[in-house]
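Subject: Structure for your review

Dear colleague,

Please find the structure below, handed over for your own work.

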Amino acid sequence: MTTNEALLPILPEAAAAVEQPEAIYALLEERIRRFTMGDSTSVPVETARRLLEGILYCLDLNIRFPSVEVPATAPLKDRWQAGVSAAKRISQRAKLLYLQVQRTPPPLVNTAYCDTMEALPAFFAAYDADFFAQEIPCSFDYPLCQPVSDSLLGAEYIKDFLRRLLAENSFLRALPREALLALYERFYVDYADLLVNLYLPAAEMVSLCALAGEPVFALSLPQEKLVSVSRLLTLSGEQEAHKRMLDAVERALLALSLRGDFLVRYTMQTAEDLLVRLRAASRAKETDGEGS
Amino acid sequence: MKQAEEYSLTLRIQQQFLEELRGANEISARFGLQLSEQGMQELAKARTQALVEHGRVELGVSAVRAIAEGFCDSPFLLQEDYEVVLSELVDAFYYFKNACGEQLTDDELIQAMRERFDAFDGSVEAVVGTSLEALCRARRLGQDYDEGWEEDDSYDDE
C-alpha cells in the first residue's frame, strides 16, 4: 500500500472524477508543506482531509463565482487560488453585513441573539481561507426563521446567515416595541431566555392582521377574527388561499414601508409556511372529527 | 483513463520514495550502513503501514530519509540490524508525531529519539518503550537517562 492509497479514503469521489489526481496530489502536498511550515512531512489524516476539503471547496467556489482573469481551463492551482480570493471577498462582505446588523438591532433582543452577536466576531478573527475556507470557526445558536442551507460552507454560510438576520431585524424595526413585547409574552412566555426566533411570531401576526383587514402595527387580533381568518384560509382552495396570503403580505409590507426583494421573498416564504401549517392543522382536526 | 493516471501517480510516488532511500544510502554508507533494494521495498511497506496505523498522511518528501540520516552515525547501529531497527524507528516516529500533538518538529523528534537510542546503547525498546513526556523531558532537562526511563507499555498496547 502506498501513501497515495492511504490518501484515497479522504479523497471525495466527486473531486476525483473531475480533477486530475496528480494535480490534486501536488496541490495538497504543497498545502501540507505550507501548513506545517516545513516542520513536519506528515500530518494526521484529519488535517489532510480538512486541507483537501479546503482545496475542493475553493475550486468549487471558483466555478460558482468565476474570476475574469482565471479561465476554467487554467491550471488547478490558479483556479484554487482564485477560489481562495473569492472566499476572502465573501468573508469581507460578511463582515460588512455583521457591522450593519450590529448597527440595526431589533427593538427587543433575547439571550440567544446577544450570544450570537458576541460569538460572530470570532469567525472573522479565525477564518482561514488559505487553508480551511470551508470551515466555520465559531459556534452560535440563534435560530433564524428561515435557516441557512446546510449546503453552504465557510464565509458563504456566515454571509447568508447575516443577510437573513438583517432582513429579520429590518422587519422587526418597523414595528412598535410595546406591541412586540406583548406579542412575545403571549407567544413564547419567556422570550428572553428561550432559544427562539424573534421575527417568526411578528411576521405571522402581521400577515394575519393584514388578512383580517386590521392594522398591522397592533400585532394582535381578537380571537373571533383569528378564527375567521384561519377558516378563510383553510376553507379556500389551495391556490386561492395562497394568493390571499401573499396579497396580505404585500399589503402588510406596504403598510410597514418595507421594501427589498430579499425581505419580501423572506416574509412571503414565512407566510407560506404558516399557511401550510394552518391547512395541515385544519385537515388533522377534520380527520380527528371523523374518527371520533 | 482515471485508473491509469492513479496507477502512474502511485508508481511515481513509490519511485520517489525509493530515490530518497538511495540518497540516504549514500550518506549511511560512510558509516558502513546500507539498505538493500529488498530492504528498501520492505521499508516502504513498513512506512505505509505505520502511516495507516497511526492515521497520518505524508505526501512528497518522506521523514524516513531524515530518520535514516539522523541515526546512521550512531555507534550502536550495526549493518546486520539496520533494516529492522530502521523499520521500528519509523513506526515509533509516526507514533510519537501523533502523541506530541504536532508540537515537535520532525527534526526535534528525531533528535530526541536518537539521544534516547544512544543513551541506552542502541536499544530500540528504550526508544519505543518510553513515554513522549520522558522523551522530551530528558531532552529538555538533560536528565540522567537511567533515572528518567520507566518502561511505558502504552506504546506496546497500541
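For the figures on chain B, a contact means that heavy atoms lie within 4.5 Å. On that basis, among the contacts in chain B with a separation of 6 or more, 66% are accounted for by residues 24 or more positions apart. Please note that this is a predicted model.

Chain B

Chain B is made up of nine helices and one strand. The order along its sequence is α-α-β-α-α-α-α-α-α-α. The chain has 158 residues, of which 49% count as buried. Its accessible surface is about 7,800 Å², and carbon and sulfur atoms contribute 47% of that area.

Aromatic pairs in chain A

Over all chains, the structure holds 17 aromatic pairs. One of them joins A:Y113 and A:Y142 in an edge-to-face arrangement, with 5.4 Å from centre to centre and 85° between the planes. A:Y113 belongs to helix α6 (residues 111-126) of chain A, while A:Y142 is in the loop between α7 (129-132) and α8 (154-173), so this pair ties together parts that are 29 residues apart in sequence. Are these two residues buried or exposed? A:Y113 is buried, at a relative accessible area of 5%, and A:Y142 is buried as well, at 4%. Both values fall under the 20% cut-off for burial.

A further pair is formed by A:F171 and A:Y199. Their ring centres are 5.1 Å apart and their planes stand at 75°; the pair is therefore edge-to-face, since planes over 60 degrees apart are classed in that way. A:F171 lies in helix α8 and A:Y199 in helix α10 (residues 199-212), both of chain A, so the pair ties together parts that are 28 residues apart in sequence. A:F171 is buried, with a relative accessible area of 0%. A:Y199 also counts as buried, at 0% relative accessibility.

Aromatic cluster and charges over rings

Which residues form one aromatic cluster? The members are A:Y98, A:F123, A:F124 and A:Y127.

Chain A also places arginine side chains over aromatic rings. A:R50 lies over the face of A:F132, at 4.0 Å from the ring centre. In another case, the charged end of A:R163 sits over the ring of A:F262, 4.0 Å from the centre of that ring.

With kind regards

Note on methods:
Residues numbered from 1 in each chain as written. Chains lettered and ligands numbered in written order. Predicted model: local features only at pLDDT ≥ 70, side-chain atom pairs only at ≥ 80, totals over all residues. Heavy atoms only, no water. Helix = DSSP H or I, 4+ residues; strand = E, 2+ residues; numbered from the N terminus. Buried < 20%, exposed > 50% of the residue type's maximum accessible area, 1.4 Å probe, protein only. Areas by Shrake-Rupley, 256 points an atom, 1.4 Å probe, with all protein chains shown as cover. Phe/Tyr/Trp six-rings, centres within 6.5 Å; stacked < 30°, edge-to-face > 60°. Lys NZ or Arg CZ within 6 Å of the ring centre and 35° of its normal.
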